Amino acid sequence: DRSYYDIFIFDTNGDMIYSVYKESDYATNFAASGTGQWKESGLGDAFEAAMASPDEVTYIDWKPYGPSGDAPAAFFATGLRNKDGEVVGAYAIQLPPEFEKSIEDVEAECS
């Protein structure tokens, strides 16, 4: 049993270079300044957040994601560095649908 739906790796240009499932988003571009079909999706937001703060793990909350049949999707993402410390891309995971619970719901339960 895995704790993710899909795993993605992007180069610094926003091109998806790895995906476990290789849905219709595979090998497309996610940069906000690019031309990729899914650049305004949650995964596009995750890529941009990872590149803006490559040393942080960012969370993008649940919303429909086209390549996964418009099923709700949330993402965690972070930057990838080479051995010299240069940012060389981004890593993201898509949470499985059974994990659906927004941060707001969790915070409310913890209050």
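In what order do the five strands form the open sheet? The order is E2-E1-E5-E4-E3, and the pairing is antiparallel. Two strands count as a pair here if DSSP finds at least two bridges between them. Strands of a sheet pair through backbone hydrogen bonds, either parallel or antiparallel.

Before going on, a word on the source. This is a predicted model, in which local features need pLDDT of at least 70 and side-chain atom pairs count only at pLDDT 80 or more, while totals for chains, interfaces and linings use all residues. Residues are numbered from 1 along each chain as its sequence is written, and side-chain values use heavy atoms, with hydrogens and water left out.

Now the overall layout. The protein has two helices and five strands, and from the N terminus on they run β-β-α-β-β-β-α. Helices (H or I, at least four residues) and strands (E, at least two) are DSSP runs, numbered from the N terminus.

Back to the sheet. Its strands E2-E1-E5-E4-E3 are paired antiparallel. Strand E2, residues 16-19, and strand E3, residues 58-65, stand at the edges; each has a single partner strand, so one side of each is left without a neighbour in the sheet. From one strand to the next, the twist averages 25 degrees. Strand E1, residues 6-11, is joined to E2 by three bridges, and the two run antiparallel. Across that pairing, Ile 9 stands opposite Tyr 18 in E2.

Helix H1, residues 42-52, packs on the sheet and touches E1, E2, E3, strand E4 (71-81) and strand E5 (87-94). Contact means heavy atoms within 4.5 Å. The direction of H1 makes about 165 degrees with that of E3; axes are lines fitted to C-alpha atoms, for helices over the stretch in contact, and angles run from 0 to 180 degrees between N-to-C directions.

Glu 23 lies between E2 and H1. Is Glu 23 buried or exposed? Glu 23 counts as buried, because its relative accessibility is 19% and buried means under 20% relative accessible area, exposed over 50%, and partly exposed in between, with a 1.4 Å probe and protein chains only. Leaving aside neighbours within four places in sequence, Glu 23 is in contact with Tyr 5, Pro 67 and Ser 68. With Ser 68 there is also a polar contact, side chain to side chain, at 2.9 Å. A polar contact is a pair of N or O atoms within 3.5 Å; within protein, one must be able to donate a hydrogen and the other to accept it, and residues adjacent in sequence count only if both atoms are side-chain atoms.

How many salt bridges does the structure hold? It holds two, a salt bridge being a side-chain nitrogen of Lys or Arg within 4 Å of a carboxyl oxygen of Asp or Glu. In one, Lys 63 is joined to Asp 45, with the closest N and O atoms 3.2 Å apart. This pair links distant parts of the chain, Lys 63 being in strand E3 and Asp 45 in helix H1, 18 residues apart. Lys 63 is partly exposed, at 32% relative accessible area, and Asp 45 is partly exposed, at 32%.

The other joins Arg 81 to Asp 55, the closest N and O atoms being 2.8 Å apart. Arg 81 is in strand E4 and Asp 55 in the loop between H1 and E3, 26 residues apart. Arg 81 is partly exposed, at 39%, whereas Asp 55 is exposed, at 57%.
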